[in-house]
Every structure is written in C-alpha cells, then in structure tokens.
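Please keep the structure at hand while reading.

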Amino acid sequence: MKRYIILLSAMTVAAFAVAQSPVESILESIAGNNSGIKAVEQEAVAAQTELSAGNSLENPTFEFEYLWAEKQVPGGNKYAFAIMQGFDFPSLYAQRNKHISAQKNLGSYQVGYARQSVLLEARELCIKIVYLNKQIAVVSERADIAQSLANLYNQRLAAGDANQLEVNKVEIERLSQSSRLKMLISEREAAITQLVACNGGVALPVDATTLTQYPNIVMPATLDYAIEEWQQADAGIKMLRGQQQVAESFTSVSKQGWIPRFEVGYKQAYEVGDMFYGLAVGVSLPLFKTSNEVKTAKARALAMSFQTDEANAKATAEVTQLYHEATALQTALDDYQLLSQQNNRALLVKALENGQISLLEYMSDIAQLNEAEENRLLLEYQYYSKLSQLNRSNL
C-alpha cells in the first residue's frame, strides 16, 4: 500500500510540473530568489524578536555600598550589597503579548505585500516579453517577405521589368522592417535583464525568448466579486489593517502604564560589628508620562484607521477602473479575432508576384494590414496587463 501511495504522489507532482506554465515557473523562482523579499522577511523576524525580548524579565542588578567613618573608629566602616530583580505587573505582560502577536501578523502582511509587489512587477515584465516575442515573430516574417521582394525587384530591374522607383520602395520597406526588428530585440533584452534582476541575478528557469503564451489569468465574473476579492485578499490592504491592529494593541499596552513597577531582592549589610540580612522592595510610580503616551497611541491608532478606510475607497475605485478597461479591451479583441485567423499577407504577396495588383496597391494594403496587426497585438498586451493588475491579490 505504501508503494502505491508513493507512486500516486510522484504522479501528482509530475502532473503539477507539466501543468505549470513557463510564466508560473519564472514567478516561483523569483519568489525564492528575490533579495527584496528576503530582506523584508528578516526585518519582520527582527522586529518580532525585539518586541519579545522587551517583554521578558530584565537582568538582575547588583548593588554594593562601602562607607567609611570620618574618624577612624574600629569597626566604624559600613558596607552593604543587594541583588534586585525588577518586574512589571502581570497584566502588562499579557497586553504586550497581544501586541507581539499583532506585530507578528503585521510582519507576515509586510512580507506578503513585498512578495505581491515583486511578483506583480515580474509578471508585468513576463507579459511585456510575451508581447515583444509576438511582435518579433510578426516583424521577422515581414522582414523576410521584404527581403524576398527586394531580391525579386532587383532581378526585375536588371531584366528591365521594373523601374528604380519600385526598387527604392521595396528597399525602404526592407530597411524599415529590419530596423524595427533590431529595436524590438533590444527592448526584449532590456526586459529580460530586469526580470533576471528580480530573480536575484540568478538565471531564469525558462528561456524568456521562447515565451509566447500569456499567463493564465481569469477575468473576474462580476465587478462586485472583483471588489470583494481585492478588499479581502490584497496584500496592501492587509498590511494597513495589520498596522492598525498593532497601533490599537499598543494603545492597550500604554493604558497599563499607570500600574507601578516593582523591584524585589535580597540585601545584606555590615554596621558597627554586626551583620544585617533582609529583603529589599522598590516601587516605581508612573506619575508623569502615562497620560501623554496613551494620547499619542490613541492618535496613531485613529490615524491608521483613517488610512485603512482611504485605502479601501481607493481600492474600490482602482478595481472598478481596471475591470471596465479590461472589459472594453476584451470586446475590442473579439472584433480583431477574424484578422488573426486570416493569412492576408501571403495572399497579398502572391497577388503581387502574379501581377494581379501593382506595387503601389500592395504597399498601401500591406501598410493597412500591418497597422491592424499591430493594433491587435497591442490590445492583447494591454488586456493581459490590466488582468494582471486586477488579479494581483492571487500572487
């Protein structure tokens, strides 16, 4: 039975690895290698450790006194020593523990926010690289066709079947497409360099030049669902709520500041030839600072409450805008769907080679086709970019 369980687990892992898209593989690698995320993780650990250390007993103190008399009287010198341990009232330790728990939650929210910010940037770069790769594929095809036409018309010019003006037109088209291809490749290399930087300088697990599929991001079913999901799961809003909870828990700690602080210990003294033993007790009375500390803590908690409310309102506005923009782009893409299924470029080239259309007609039609194709690719890129921002809470 154990063997079958192991086999089933291995098959499940293998199936997951196959199902994982190249973009998901890149994001997973960045989540593990990004230095910014690691820095926030360690800062959260340090903050929690510091608070925990502050809620433990202080180090005991050792006091020693030695007094000598003005007149040298035998046995007239005095000395004493004491060992003291300070502590707060138990309720204060309980409130501090609640504050530490709130800080621990805030630390996890801060890590989540850093992770979301980095992975959103990385996913945007992946989407841009997919867009550039699609453009490069299209422009490469255009450049090959332009080169073929330049060769054809140079041959026709030598045979007297074409004029120099026609040759110049196809040469300009060839140069235009060749230059654009170089610019796109350069832009892609810059985007890949940024993506590698997000991965901590480590090589990507996938060759980014082969990315041709946008990440699998689902459009929210309704606007209300998108708003609800954002407000519940967005890391930025979670972090603000965590800061508010920390501020409120610190207010509770400050309210305990009026309780006296105690010190108890053992004391031993020598005086006039005799030894004295006993207990020492000290009390620190918080007469001056507590009231102002509570007012400050309350003001900070209230400020964080206002910031959280403002963030919720801005989130609603941002989600609404992104949702409407993505919906509009989706509708526009549907209108271009027929264009992506047609091979008009090959038909135009065949018509030109067979003399069915003139070079001028070909140049006019191909320019119109290129513009429509560029628009379709741009709309597709913008659509997935909006979807990526709309679904950031899933990162």
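## A first residue

Which residues does serine 25 touch, not counting residues up to four places away in sequence? Serine 25 touches Gln20, Pro205 and Val206, where a contact means heavy atoms within 4.5 Å. The residue is found in helix α2, which covers residues 22–33, and with a relative accessibility of 18% serine 25 counts as buried. Buried here means under 20% relative accessible area, exposed means over 50%, and partly exposed covers the range in between (1.4 Å probe, protein chains only).

## Basis of the model

This is a predicted model, in which local features need pLDDT of at least 70 and side-chain atom pairs count only at pLDDT 80 or more, while totals for chains, interfaces and linings use all residues. Residues are numbered from 1 along each chain as its sequence is written, and side-chain values use heavy atoms, with hydrogens and water left out.

## The chain as a whole

The protein chain contains 11 helices and 4 strands; these are DSSP runs numbered from the N terminus, with helices (H or I) of at least four residues and strands (E) of at least two. Of its 395 residues, 36% are buried. When contacts between residues at least 6 apart in sequence are considered, 80% of them join residues at least 24 apart.

## The exposed surface

The protein chain exposes about 23,400 Å², of which carbon and sulfur atoms supply 57%; accessible areas come from the Shrake-Rupley method with a 1.4 Å probe, and for residues only the protein chains shown count as cover. On this surface, Phe62, Phe64, Tyr66, Trp68 and Ile83 make a nonpolar patch of about 630 Å². Such a patch is made of residues with over 30% relative accessible area and no salt bridge, nonpolar side chains (Val, Leu, Ile, Met, Phe, Trp, Tyr) being joined within 5 Å.

Strand β1 (residues 61–67) provides the largest share of the nonpolar patch, namely 3 residues. Tryptophan 68 lies in the loop between β1 and β2 (78–87), and with a relative accessible area of 63% tryptophan 68 is exposed.

## Salt bridges

A salt bridge is counted when a side-chain nitrogen of Lys or Arg is within 4 Å of a carboxyl oxygen of Asp or Glu, and by this rule the count comes to 8. One of them joins lysine 128 and glutamate 187, whose closest N and O atoms are 3.9 Å apart. This pair links distant parts of the chain, since lysine 128 is in helix α4 (residues 90–159) and glutamate 187 is in helix α5 (residues 164–198), 59 residues apart. Lysine 128 is partly exposed at 24% relative accessibility, and glutamate 187 is partly exposed at 37%.

Glutamate 310 forms a salt bridge with lysine 314, with the closest N and O atoms 3.6 Å apart. The two are separated by about one helical turn because they lie 4 residues apart in helix α8 (residues 290–335). Glutamate 318 forms a salt bridge with arginine 392, the closest N and O atoms being 3.2 Å apart. Because glutamate 318 lies in helix α8 and arginine 392 in the segment after α11 (359–390), this pair ties together parts that are 74 residues apart in sequence. Glutamate 318 is partly exposed, with a relative accessible area of 31%, whereas arginine 392 is buried at 15%. Elsewhere, Arg142, Arg180, Glu373 and Glu374 are linked in a network of salt bridges.

## Aromatic rings

A search of the whole structure finds 3 aromatic pairs. The rings of tyrosine 214 and tyrosine 384 have their centres 4.5 Å apart and their planes at 10°, so this pair is stacked. Tyrosine 214 lies in the loop between α5 and α6 (223–233) and tyrosine 384 in helix α11, so the pair ties together parts that are 170 residues apart in sequence. Tyrosine 383 and tyrosine 384 form an edge-to-face pair, at 5.2 Å centre to centre and 75° between the planes. Rings of Phe, Tyr and Trp (its six-membered ring) pair if their centres lie within 6.5 Å, with planes under 30 degrees apart counted as stacked, over 60 as edge-to-face and the rest as tilted.

Tyr214, Tyr383 and Tyr384 form one aromatic cluster. Tyrosine 214 counts as buried at 10% relative accessibility, and tyrosine 383 counts as buried at 8%. In a further arrangement, arginine 156 lies over the face of tyrosine 153, at 5.1 Å from the ring centre; a charge sits over a ring if NZ of Lys or CZ of Arg is within 6 Å of the ring centre and within 35 degrees of the ring normal.

Conventions: Patches are made of residues with over 30% relative accessible area and no salt bridge: like charges are joined within 9 Å, nonpolar side chains (Val, Leu, Ile, Met, Phe, Trp, Tyr) within 5 Å.
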